[in-house]
Amino acid sequence: MTTPMLEIRDLHVRIDASGTGGTDGEAILRGIDLVLPAGEVHAIMGPNGSGKSTLAHVLAGKPGYEVTKGEVLFEGRDLLSIAPEGRARAGVFLAFQYPVEIPGVGNMYFLKQAVNAVRSHRGLEELDAMEFLSLAREKMKLVEMPEELAKRGVNEGFSGGEKKRNEILQMALLDPKLCLLDETDSGLDIDALRVIAGGVNALRGPARSMLLITHYQRLLDYIVPDHVHVLAGGRIVKSGGKELARELEDKGYGWLQAMRAPAG
Amino acid sequence: MSTFSPERHWAEAFAAAADVRAGEPPWLEATRKGALARFAELGVPARKHEEWKYTRAERIANHPWQPAAAASIGAEALDELELPVAAAPRLVFVNGRLAPDLSRLDGLPPGVVATNAGALLPRDGAWLEPRLDVPVPFTDRAFAALAVAMAPDAAVVRIPRDVSVEATLWVLFVSAPGEDVAASPRLIVEAEPGAGLRLVELHASLGASRQLHNALTEIVAGAAASVEHLRLQLEGAGTTHVAHVHARVARDARYASRTIALGAELSRLDLVVTLAEEGAEATLDGLYVAAQTQHHESRTCVDHQRPHGTSRELYKGVLAGRARGVFSGKVLVRKDAQKSSAEQKNENLLLSRDAEVDSKPQLEIEADDVRCTHGSTIGQLDEDALFYLRARGLDAPAARALLVRGFLGEILAGVEDEALRESLEARALATLSRAGVAAGGAP
Ligand SMILES: Nc1ncnc2c1ncn2[C@@H]1O[C@H](COP(=O)(O)OP(=O)(O)OP(=O)(O)O)[C@@H](O)[C@H]1O
Ligand SMILES: [Mg+2]
């Protein structure tokens with residue numbers, strides 16, 4: 001059997017407040033198991049506060065979480081011991097639910113730094129200003145991003161939908177292997193959703209896997225997943241095919257929470 | 001207690017420097033003596049003095065500084081500054097005295113005066129006389145009085161009525177190496193009504209000798225004139241830089257001040273902007289970057305004296321290592337200054353646990369129909385922003401440097417000359433990276 005892109009084994013996570021002087025919070029992820037083969041797209045759905053973003057953050061290496069148990073393998077290698085930038089360079093990409101505004105840092109300059117950091121890690125030559133610009137233009141077309149936005153500071157004054165486009169633009173530029181999309185569809189109007197979904201679909205391929213976190217069936221009409229998982233109370237309580245999403249749309253999450261295994 | 005008396009020390013130094021003043025008219029000698037007496041009378045401000053609460057004046061004054069002698073430097077010394085001055089019209093002062101061979105003034109419109117006070121004295125003494133005295137807002141400032149007494153000369157820039165100078169004019173105050181030396185660089189600028197001037201005032205030292213630079217600048221923007229004033233404090237690591245800057249802004253005139261303090265071990269800027277007539281407008285932008293044990297104090301005062309004045313102020317500081325920053329910004333709106341609008345902001349970025357900053361906004365509003373806002377922040381680099389950048393492949397030092405650049409950018413963006421802007425940014429980042437923060441990432 002080939003090595004999966006991502007393998008999560010019995011992952012337990014809690015908030016680590018040691019750096020902030022607070023007390024450690026209770027467990028948020030309570031034993032996640034998930035296998036994402038190369039080339040597949042899996043959707044993760046689940047009620048608010050169930051731990052979806054926490055999972056995405058832990059996979060991307062965000063500080064402030066403590067893994068109390070379990071492991072995560074990325075292409076068979078231990079992911080959790082790698083610094084966030086190392087993960088990004090190795091091909092992990094998180095499209096943030098709430099992209100950060102960084103006024104004063106030019107979006108284009110930032111994107112070029114990021115692309116070149118990733119390229120040099122992969123043994124590719126760094127792009128000069130002209131090469132980068134033409135690559136950026138091409139990818140901006142893909143997500144229909146106006147050039148004017150690229151001239152601003154990173155996400156500075158971007159609308160919710162513009163921020164999401166910028167995330168997918170970054171994804172297209174960085175050419176990752178594992179894409180974690182955290183509610184990329186929320187806040188998008190119908191046309192924007194179609195554009196973004198088109199951009200994401202264009203990036204689908206046998207060497208790339210995606211984890212789509214979403215609340216809405218609508219996104220999955222455009223980006224059809226291979227599997228759907230339901231995360232509730234820090235665990236995956238149900239997995240199924242793409243029809244599971246529709247079932248959730250009809251019935252909500254209540255029936256699943258009822259069948260949740262008692263906490264151990 | 002040491003028995004050193006700064007007042008006695010400077011009285012002796014003044015007497016000993018009589019030859020420097022040989023040939024000056026009697027009124028100037030009287031002006032200087034008056035200023036020296038004023039210095040003795042005011043004395044070195046004690047710590048309980050509110051204005052000197054954060055920077056110890058004794059630390060500056062209780063030292064046997066010797067007045068800087070005339071010195072000459074080669075043209076290659078200017079290259080050492082690594083600033084884009086090669087093609088700029090410029091006055092270069094070394095140890096407070098004009099260096100004609102390093103200055104170049106071709107290309108300035110006819111009628112523009114850019115020279116030294118010494119050269120003007122014989123023909124324009126009457127114009128100079130009031131301007132060489134202690135500027136009015138500084139009559140109670142001991143160091144400003146001392147500068148008037150001791151400055152061997154002054155740079156003078158005068159733009160005639162309705163003349164706009166296309167090029168940016170540089171006035172460079174450079175000090176030659178020399179231990180325990182005190183220089184008094186002085187600058188007098190007048191833009192007559194309707195005139196336009198862009199000015200860069202630079203203070204730099206060659207080498208890192210222990211020196212005191214006691215600078216004094218007075219600027220007048222006549223009615224409807226426009227003066228853009230970029231003041232660069234890029235002194236060497238051994239320098240104590242004390243500066244008094246006053247700008248008087250007349251009716252419908254505009255004064256744009258941008259002060260950038262990156263150098264010196266200890267520096268203190270006292271900037272007073274007087275909106276003296278109706279419709280005067282001023283912007284005050286400032287940046288102070290300090291690392292290791294550097295200390296920067298920026299004191300600003302915007303004095304709205306007449307109606308319909310507008311001021312906008314943004315001072316930003318980055319402090320690393322064990323550095324200390326102080327911002328004290330006063331906005332004064334007098335009874336007679338109805339319909340004034342004043343905005344003040346101070347933002348500070350602390351890059352280390354041991355860095356410190358004090359931010360003291362002060363509003364004194366005597367008029368009732370005014371619009372005033374002020375705000376002040378002290379913070380660290382945003383953790384979420386850092387993670388965002390790292391999640392895109394930037395390593396932690398590069399991510400930090402990029403965020404610091406973003407913070408500096410707001411003030412540096414106003415420096416129009418791209419080469420200069422990049423040079424200033426590189427210097428600021430170098431200062432910080434020497435302190436072990438924000439390393440890398442610079443282009
Ligand atoms: N830094 C933190 N400190 C304390 N609690 C936190 C922190 N971060 C997350 N939590 C809590 O962990 C739980 C899971 O949060 P998470 O953001 O992962 O949920 P989510 O499934 O993404 O929800 P949503 O659908 O609303 O985006 C929530 O109860 C949240 O309040
Ligand atoms: Mg979430």
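Me: Why does B:Arg141 count as buried?
Reply: Its relative accessibility is 15%, and buried means under 20% relative accessible area (exposed is over 50%, partly exposed in between; 1.4 Å probe, protein chains only), so B:Arg141 gets the label. Mind you, this is a predicted model, where local features need pLDDT of at least 70, side-chain atom pairs count only at pLDDT 80 or more, and totals for chains, interfaces and linings use all residues, while side-chain values use heavy atoms, leaving out hydrogens and water. Residues are numbered from 1 along each chain as its sequence is written, with chains lettered from A and ligands numbered from 1 in the order in which they are written.

Me: Where is B:Arg141 found, and what is it in contact with?
Reply: You'll find B:Arg141 in the loop between helix H5 (117–131) and helix H6 (142–150) of chain B; helices (H or I, at least four residues) and strands (E, at least two) are DSSP runs, numbered from the N terminus. Leaving aside neighbours within four places in sequence, B:Arg141 is in contact (heavy atoms within 4.5 Å) with B:Leu42, B:Glu51, B:His244, B:Asp270 and B:Val272.

Me: What makes B:Arg392 and A:Glu167 a salt bridge?
Reply: The closest N and O atoms of B:Arg392 and A:Glu167 are 2.7 Å apart. The rule wants a side-chain nitrogen of Lys or Arg within 4 Å of a carboxyl oxygen of Asp or Glu, so this pair passes. Across the interface of chain B and chain A, the rule finds 3 salt bridges.

Me: Which elements of chain B touch chain A?
Reply: Helix H7 (383–390) and helix H8 (396–412) are the elements giving two or more residues to that side of chain B. H7(B) has the largest share, 6 residues.

Me: How much area is buried between chain B and chain A?
Reply: About 2000 Å², with 66% from carbon and sulfur atoms; buried area is the accessible area (1.4 Å probe) that two parts lose on being put together, summed over both. B:Phe387, B:Tyr388 and B:Arg392 supply 42% of what chain B buries against chain A, more than any other three residues. The contact takes 19 residues from chain B and 30 residues from chain A.

Me: What makes a set of residues a nonpolar core, and how many residues has the largest?
Reply: A nonpolar core is a set of buried Ala, Val, Leu, Ile, Met, Phe, Trp, Tyr and Cys residues joined through side-chain atoms within 4.5 Å. The largest has 135 residues, and B:Trp170 and B:Leu232 have the most contacts inside it. H8(B) gives the most to this core, 9 residues. A second, separate core has 48 residues, including B:Tyr288.
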